[in-house]
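Trainee: I would like to go through the labels on this model and see what backs each one.
Mentor: Good. Take a look first, then ask.

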Amino acid sequence: MNEVTTTSIPLCEECGASPSSSFSHFVDPATNTGSWKFCCGCTSGKEDYYIEFSRFFGSQSETMNWLAHMDEKTWMDWHNFMQMVQRYRAAVPVS
Ligand SMILES: [Zn+2]
């Protein structure tokens, strides 16, 4: 089993101080556009929507259920989400 450890989790894109713990979606009220970031608890209450890693990566079926659930959202921007995924991959610390 691949255990997710804190050493394999990139730092929060918002504060840069703590390991990220969720994929979070923010809406800019000025432009009404959304963007995805991986964040820690520092953005609690500021995000429009978030999925905690412990749930998203909880099991194979949970990951698939989340992806299907997100696809049902009319506001879901997969391109923006995947840009975040690429940043997440690039930010994983080399151990
Ligand atoms: Zn943070």
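**Labels and their grounds**

Mentor: This is a predicted model. Residues 24 or more positions apart account for 50% of the contacts with a separation of 6 or more.

Trainee: What makes two residues count as in contact?

Mentor: Their C-beta atoms, placed from the backbone, lie within 7 Å.

Trainee: How much of the chain is buried?

Mentor: Buried residues are 14% of the 95 in the chain.

Trainee: Why is Asn32 called exposed?

Mentor: Asn32 has 8 C-beta neighbours inside 10 Å. The label exposed applies at 12 or fewer. So Asn32 counts as exposed.

Trainee: Where does Asn32 lie, and what is its phi?

Mentor: Asn32 is in the loop between β1 (22-28) and β2 (33-39). Its phi is positive, about 60°, although Asn32 is not a glycine.

Trainee: Why is Met76 called partly exposed?

Mentor: Met76 has 15 other C-beta atoms within 10 Å. Exposed needs 12 or fewer, buried 20 or more. The count of 15 falls in between, so Met76 is partly exposed.

Trainee: Where is Met76?

Mentor: Met76 sits in the loop between α2 (60-71) and α3 (78-91).

Trainee: Which residues does Met76 touch, leaving out those up to four places away in sequence?

Mentor: Met70 and Asp71.

Trainee: How far apart are Met76 and Ser35?

Mentor: In sequence, Met76 and Ser35 are 41 residues apart. In space, they are 9.7 Å apart, C-alpha to C-alpha.

Note on methods:
Residues numbered from 1 in each chain as written. Predicted model: local features only at pLDDT ≥ 70, side-chain atom pairs only at ≥ 80, totals over all residues. Helix = DSSP H or I, 4+ residues; strand = E, 2+ residues; numbered from the N terminus.
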